[in-house]
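Dear colleague,

Please find the structure below for your records. A summary of the findings follows it.

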Amino acid sequence: MTLKVHLWSGLRALTGGAQVVEVEASTIDGMLRELVRLYPALQEPIEAGVSVSVDGRIMASDLTAPLRAENEIYLMQRLRGG
Amino acid sequence: MSKLHVSTKVNGDAVEFLCDPRETLLDCLRDKLNLTGAKEGCGTGDCGACSVTVDGRLVCSCLMLGVEAEGKEIATVEGMAEGEELHPLQKKFIEYAALQCGICTPGVLVAAKALLEKNPNPTEEETRYWLAGNLCRCTGYDKIIRAVMDTAADMREAS
Amino acid sequence: MALDDQKSGFKFVGTRPERPDGLDKVTGRAKFGADVTATGMLHGAILRSPHAHARIVKIDTSKAEAHPDVKAVVTRADFSDKVEFKPGLAGEFWNVLENVMAGEKALYDGHALAAVAATSALAARDALKLIALEYEVLPHVTDVDKAMAPDAPVIREGAADYSVPKGLHPNVVRYHESGHGDVEAGFAEADLVVEDSFTTEATHQGYIEPHACLAQLGADGKGELWCSTQGHWIAQKTCAALLGIETAQLRVTASEIGGGFGGKTTVFIEPVALALSRKANRPVKIVMSRSEVFRSTGPTSSASMDIKIGMKKDGTITAAEGIFRLQGGAFPGAPGDMTAMCAFAPYDLTNVRQVGYDVMANRPKQAAYRAPGAPMGAFAVESVLDELCNQLGLDPLEVRLKNAAHGGSKASYGPTYDQIGLVKTLEEAKAHPHYSAPLKPGQGRGISCGFWFNHGGETSVSLALSEDGSAQLMVGTPDIGGSRASMALMAAEVLGIPYENIRVTIADTATLGYNDVSHGSRVTYASGLATIKAAKHAVEKLCERAAAKWGIPVDAVKWEDGCAVPSGPNAGDFDPRPLADITANMGATGGPISGHFEATPEGAGVSFGTHIVDAEVDPETGKTAITRYTVIQDAGKAIHPAYVEGQYQGGAAQGIGWALNEEYIYGEDGRLQNSIFLDYRIPVASDLPMIDTVIVEVPNPGHPFGVRGVGETGIVPPLAAIANAVSNAAGVRMRDLPMSPPRILAALKASDA
Amino acid sequence: MNYHSPASFAEASALAAASTGVTRFLAGGTDVLVQLRSDLVTPDLLIDIKKIDGVSKITRTDEGGWTLGVAVTGAEMSEHGELGRDWPGIVEAMDLIGSTQVQGRATLTGNLCNGSPAADSVPAMIAAGVTLTVTGPDGDRVVAVEDIPTGPGRTSLAKGEVISAVNIPPRGDNAGDAYLRFIPRTEMDIAVVGCGVSLRLEGDKIIEARVSLGAVAPTVLLVEDCAAAIVGTTLDEAALEALAAAASAACNPIDDKRGTIAFRTDVAGVLAKRAAKIAYARAKGENA
């Protein structure tokens, strides 16, 4: 299915200016792989660590979480705590 | 130089140890007598985690040499409870959640006990100033102060 | 995670029982990092750089090695050469290794250069003086703005990652930019735009227990490590990588931990003790001095920030923009991205833009400190909000309520909020007697909101039932502030057995699966969630045993109040079977009964707080007294309210220290000048008032009982709330932390002039 | 490091005179042990003077003054009611040093011999006109407190000399003293500025005064201009302003981690005014 993924604006430089991109995937893992396939420059930030917000819930590391077309999906820099 | 022999009393027990003159009373309690209740938080007398009493006087055991303990009577947190009966302060600290990590707790308890022995009815201000040399980074002191003052009230009522 | 079965109506949760480890902690019996010994043990000590930046020309350890009391000396050559350097945070093991033991350069005052193991602590300290060092001293920089300037000395080429725009100084190693809307259009709509700059100094977590460990590592690659840490699995993983051994061959046990606040989420002395032990073939204990703690561990980042906010006369924020430059020592990692994402998060904004920089300087590697990055941003943003309210004559609480984010608001960092509690904390603040209490002359009142993400993380929990019906619970998150009590309460709630019948143990790395660090306010959330799931897992098995005995299907059995009971009249007429009745014979009815749970719970649930502070400023000396303090924070659900209050009070107290007196002070020579508690001034008992707390409970949909983390959010609002109170009391806007008396007095004089 | 605990000051002096390396006397140890622990100073010889007879005594002299043994602790001074009624400024100054725990060990002589310009008890002692008995290889001599410190960490004591008693003069009638310091917290800090005031009245008029400032110069200062600003006055507003101006003018401080030059200079004046008011009230027999 087609997912609409919101990037943080700092990534626009790596996607030719796009801040919202569409990818075909059904899990977080699939989405991240598809992002890298479409925009190879995104490999580095994704490897450096990202979290994914799905409908406002921040998925810190679970790659298996399912995604649906109606989800609000945001890529975020990985969160760290104290 | 060779080590010095020290005879002293800790929590009522006669003990002896050999120490380098550079070693503090805290080093001797912890490393030679295995009494690790007193903690070293700073080594400069600023945090109070090593508080003990010497001849009834509250001191930082990091600011006293082991050799100076000769002939003295030392009391540490390990001697606060009587048998299985905890000191009222110890009970109240658990009841009030007056500790989080617990590293400052032995020093705070020894200092608070010394306060209540000197002043059974301290005001909040007196309690705060008496304990100003016992740093706690977890609690913001609120529950510690309440626990000490309420223990004082309980002890006054009981006596 | 299933959200539909959120529980309410609790029997144990929400009560305040005595903590399971209370007796150990009040009798001096609890074993902290420095409280253990081993037979044949040596004592380690570490030689540290007196220079802020210097090339290491030569280290001669021969004299130390020749001393009869010395059994091993190590330098960087004694660690793994397989750890790879990568830009940014991608090569974090290399960053940690370089910090644990310097390679080619000493990068800050206090950087470890070599270490010895000797027969006594005094002998080890003396032996350090036998190591001869030759340095080439290099120019240094410790200030964040100066470190970004074109002429700044370069700490390390190639440390910047993909995110850094071209043309920035090599000391800028990460860059973050986010936001939405059109801020320029937003500013054009505003009736008033306030633009201002702020700085905060680095502060230390200030835990009272210095880092301590006892390590043993043999030539067979098998090791044991005892240490004071917030996360022994990360210590295991990191030490194994740095020593070049297999992770599973290193067993790590977490001691009781004397405070961490984020500062014990990484390793410092542990790999060094292991390397010394491997070389000496004897156990090695290392205990840091307080001065080593200040010079070489922690601290938080220092920050320099520019804020611009536009507001309409009615208090509506039209646009907000922030630039946050954070200095994190000689390594990447300063949380400029977190600062940027959290700074405007409390508000429902149409137009917002935030930029964060991660900048290196010749200071110790920053470590996480309670909501890392968030307090600085909140200080700057909430100060500007306060200034806007003052200039427009608006009530600061009403303005925050008007703009507050709520469920459905688009967060400043992008996504749409789920159910959140900010508005509730503001309403509680407004209704609190503190907010309407009269102020005395010379006093000022300040408020601030604060936001933190919270974290889930990898979690394993195991629960085993005993024949007599008691339960042992093994969790992997070190208990920093009473979490054993919370875990036992949640297990008791599910099992239906008394709280006292549950023994909670912090398992070592060999006896439980992987667990992330006790950080990100995750313990009660994630280990709690896993405890609930593990207990439910055990309950399923208990129900199976009852069903088998009764000869009915397992789905005809339910668990109620500590007993298996038929699920309804159709299931049959059987007497309830208490837990102890089932476990009494468990060995003969299918074997031991245990429950476990391993997952990475997602859904920690963000958290908000609002603080109210009264401050009094002595106009002749600039000295500030905090006269009243109230914390209002959303806990989702308070499991053990006394320890929730404790987190709120502790966060506020640390914030008071950060706001008023705590700071890293570097001399012109780049050396830290205040590395003892005498001059690094954390609040003492007589500095503080009682700290009132209000626990708001807006359940987190991501936790079975509704828990949100509470450990970190409490340090986010204090800097700004106190700065607003002090500024209102003194009549001058304070833009730099700490607001030490000389700063306040100078500001007062400048405003008089 | 060698440790000795001699039985007399003569013996202590002889030990120190014969020593070839770094020698330190150990009274309360609250500075010596910190320096030892941080490897700042590791003495070759440490002479513990607490086993000498009488070092823990507080004695009223025939003239109405006081003699304090050199191992008398801050806590013992605070608990001594009569000493505190005579010289509340000295006792309070000593009591401000460190925590309750430090009070159990710290001494006036230790505070003085550490040589810090920020030592709290020193301005109070100087204002009070305290002298010291110094025992050396050639016998005893008496020295004013203000003549002991010569610079940060340095004293005028010669090799083999040890302070053997603290002599506090008789308080006399219509007199009072006070000490105030500025610290950023409420406790546990080193003074950023300290000020001791001792004065005597005739009626409402000040006829004698000594004012001393700490932490504003390399050594604690006895500021004659401050005394001159208030002697002959009733401590009215003009006198207070003159006092503050004289105090600020006497400052020769440094910028350091504890305070700035401007701050110390300003606050010296503020504290001088506040301390003088307290001393004045005490001299009038009012509670302050």
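**Aromatic contacts and the C–D interface**

One aromatic cluster is formed by C:Tyr413, C:Tyr417, C:Phe451, C:Trp452, C:Phe453 and C:Phe608. Please note that the model is a predicted one. Over all chains, the structure holds 20 aromatic pairs.

One of these pairs joins C:Phe10 and C:Phe705: the ring centres are 5.1 Å apart and the planes stand at 70°, so the pair is edge-to-face. C:Phe10 lies in the segment before helix H1 (22-27) of chain C, and C:Phe705 in the loop between strand E26 (691-696) and helix H19 (718-730) of chain C, so the pair ties together parts that are 695 residues apart in sequence. C:Phe10 is partly exposed, at 22% relative accessibility, whereas C:Phe705 is buried at 3%.

The rings of C:Tyr175 and C:Tyr357 are also edge-to-face, because their planes are at 70°, with centres 5.4 Å apart. This pair links strand E7 (residues 172-180) of chain C to strand E15 (residues 352-359) of chain C. C:Tyr175 is buried, with a relative accessible area of 13%, and C:Tyr357 is buried, with 15%.

Turning to the interface, 23 residues of chain C are in contact with 22 residues of chain D. The two chains bury about 2100 Å² between them, 51% of it on carbon and sulfur atoms. Nine salt bridges are counted between chain C and chain D; one of them pairs the side chains of C:Asp679 and D:Lys257 (3.4 Å, N to O). On the side of chain C that touches chain D, helix H20 (residues 741-752) of chain C gives the largest share, four residues. That side divides into eight nonpolar, six polar and nine charged residues.

Yours sincerely

How values were computed. Residues are numbered from 1 along each chain as its sequence is written. Chains are lettered from A and ligands numbered from 1 in the order in which they are written. This is a predicted model: local features need pLDDT of at least 70, side-chain atom pairs count only at pLDDT 80 or more; totals for chains, interfaces and linings use all residues. Side-chain values use heavy atoms; hydrogens and water are left out. Contact means heavy atoms within 4.5 Å. Buried area is the accessible area (1.4 Å probe) that two parts lose on being put together, summed over both. A salt bridge is a side-chain nitrogen of Lys or Arg within 4 Å of a carboxyl oxygen of Asp or Glu. Helices (H or I, at least four residues) and strands (E, at least two) are DSSP runs, numbered from the N terminus. Ala, Val, Leu, Ile, Met, Phe, Trp, Tyr, Cys and Pro count as nonpolar, Asp, Glu, Lys and Arg as charged, and the others, Gly among them, as polar. Rings of Phe, Tyr and Trp (its six-membered ring) pair if their centres lie within 6.5 Å; planes under 30 degrees apart count as stacked, over 60 as edge-to-face and the rest as tilted. Buried means under 20% relative accessible area, exposed over 50%, partly exposed in between (1.4 Å probe, protein chains only).
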